[in-house]
Amino acid sequence: MWRPPERIRHAASQGRIPARADAQLSRLFSPVRVGPLALEQRTWVPAMVPWRATEDGFVTDDVIAWYARFARGRPGAIVVEATGIRDIASGPLLRIGHDRYVPGLRRLADTVRAESAGHTRLFIQIIDFLAIRRRPDPVKFFEHFLAITDRHRAAFPGQSDPAVRQALRGLSADALTRVLAPAELEALQFGYRERVTDLHLPHIRELPAVLPDLFAAAARRAHAAGFDGAELHYAHAYTMASFLSRTNTRTDGYGGARASRVRLPLEVFRAVRAGVPSSFAVGCRYLAGECIAGGSEADDAAYFGTQFAQAGMDFISTSRGGKFDDARQPAIGAAAYPYTGPSGYECMPQYISDARGPFGRNAAPTAAIRAAIRNAGHETPVVCTGGIHNFEMAEKLLQDGVCDIIGAARQSLADPDWFRKILLGRGAEVRTCEYTNYCEGLDQKHKPVTCQLWDKDGLARPGVTRTADGKRRLTAPEWSAPAD
Ligand SMILES: Cc1cc2nc3c(=O)[nH]c(=O)nc-3n(C[C@H](O)[C@H](O)[C@H](O)COP(=O)(O)O)c2cc1C
Ligand code: SF4
């Protein structure tokens, strides 16, 4: 992962630990409404893909165990990982693109309800993404993948196409930048990647026609499976975020000006909302900042937030960065990963950082979005996530009006009981995340995600489920909470 050149080390700490009575009176542990739902507390476990689904997208026992473990910490809400709305091969990523996925997801929703003793509300993040291929072997690229065009032929006049392929193979990197079209060069150096601006491809042109129904069907299945709500994934490197991006130059009314870029996200929301009962919450996660050259800025994010609130979303959750645009070049045979460049750092900042550090980088941009929403007269709750890891910090963000709900991904992975420990006056027992991004490294390799602070603990104990190589436990050790 890219890291800021300053290389300043930052240490997370437990901060001020409140006594039980103080915790109970805090804003963090006060209830909040999310549209039709009442959250018991303002704590939220954001979506995290743990790579535990089957190769064809079904819920497994390991998926159940992963969410059951978070549920025992009784946060206000858990958002189930990015789950694909299409019924297409996508590796061990959960899917919700067909009714056959509903029984497994129902088992998941039932488990969270039971394990949290009904205290936690459950959302599912629903996602669409475009095709991305692995970086090709250059020999194969020139021999098979590259379609020879007049541009290539012009560089080697009078030669047959096989000879042109051969000649291209022998060119220097510099010469290739002149002979190949930019998209071909990218396909060679990074692997082919579709973009929402590829209007020459019929299925990309038709995205505005097909996505509202696909998202709506997915949300209907989530409701049928017993989820309390859906989070539309409008963040990071995926289709909907690409529509919102300033880099979206589509000329069909769905790109260019802000109002056109937000058009499809609003149409998707309206289709989803129309297809589920009003008791089912619908909101989205989007970027408070894209953090790439030429990407959307704070004023775009504020505008989108007010548009989403105005349209009637039940919540807005912010993230930042996580784009393909500045991702590191993958090794041959691997696919580009959107969390390897500077924008990836902004999404999951690590303890080696710049002077600002990894904690709360998303706070000021989120506060600006919330202020714009409030100025427009809407009370939509806003979830802020990014490096939040102790009570003092969480409570200050709430008191300062940065957000209404505290999202904590890696801190909840490090200690799924952390909210509960604090609420019960046992905050000194919290295992604090060190923001090393060991977990994110596993995610990048599509390996089962675990935390280095606990994945070697009690490996030999009976009942501990382990990774296939037996070297890591799959869920955090249990904490014996005092009786209620
Ligand atoms: C292993 C892992 C998987 C993640 N998967 C998702 C995901 O499916 N959807 C999403 O919106 N964000 C995902 N994220 C980003 C987190 O939700 C969160 O925004 C990010 O980690 C920063 O918050 P934190 O500092 O509290 O960890 C993931 C993060 C990690 C570490
Ligand atoms: S591995 Fe654990 S300690 Fe390290 S960043 Fe991930 S959650 Fe935090």
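Q: Where is Ala117 in this predicted model?
A: The model is predicted, and in it Ala117 sits in the loop between H3 and E6.

Q: What makes the phi of Ala117 worth a remark?
A: Most residues other than glycine have a negative phi. Ala117 is not a glycine, yet its phi is positive, about 50°. Ala117 follows H3.

Q: How does Asn437 stand on phi and on location?
A: Asn437 is not a glycine either, and its phi is positive, at about 70°. Its place is the loop between helix H19 (418–423) and H20.

Q: What makes Asn437 buried or exposed?
A: The threshold for buried is 20 or more other C-beta atoms within 10 Å. Asn437 has 24 such neighbours inside 10 Å, and therefore counts as buried.

Q: How do you know what span to expect of helix H3 (residues 102–115)?
A: The expected span is 1.5 Å times one less than the number of residues. H3 has 14 residues, for which 20 Å is expected, and the distance from its first C-alpha to its last is close to that, at 20 Å.

Q: Why can one speak of a face of H3?
A: Gly104, Leu105, Leu108, Val112 and Glu115 are the buried residues in H3. Viewed down the axis of H3, they fall within an arc of 100°, so they line one face of the helix. An α-helix has 3.6 residues a turn, so residues three or four places apart point the same way.

Q: What do the buried residues of H3 pack against?
A: They pack against helix H2 (61–72), E5 and strand E6 (121–127).

Q: Which residues are closest to ligand 1, and which element gives the largest share of its shell?
A: Of the 24 residues around ligand 1, the closest are Pro46, Ala47, Ala82, Ala409 and Arg410. H20 gives the largest share, 3 residues. The shell around ligand 1 holds 13 nonpolar, 6 polar and 5 charged residues.

Q: Which residues are closest to ligand 2, and which element gives the largest share of its shell?
A: Ligand 2 is surrounded by 13 residues, with Arg410, Cys433, Tyr438, Cys439 and Cys451 the closest. H18 and H20 each give two or more residues to this shell, and the largest share, 3 residues, is from H18.

Methods
Residues are numbered from 1 along each chain as its sequence is written. Chains are lettered from A and ligands numbered from 1 in the order in which they are written. This is a predicted model: local features need pLDDT of at least 70, side-chain atom pairs count only at pLDDT 80 or more; totals for chains, interfaces and linings use all residues. A residue is near a molecule or strand if its C-beta atom, placed from the backbone, lies within 6 Å of it. Helices (H or I, at least four residues) and strands (E, at least two) are DSSP runs, numbered from the N terminus. Ala, Val, Leu, Ile, Met, Phe, Trp, Tyr, Cys and Pro count as nonpolar, Asp, Glu, Lys and Arg as charged, and the others, Gly among them, as polar. A residue is buried if 20 or more other C-beta atoms lie within 10 Å of its own, exposed if 12 or fewer, and partly exposed in between; C-beta atoms are placed from the backbone. The arc is that of the directions from the helix axis to the C-beta atoms. Two residues are in contact if their C-beta atoms, placed from the backbone, lie within 7 Å.
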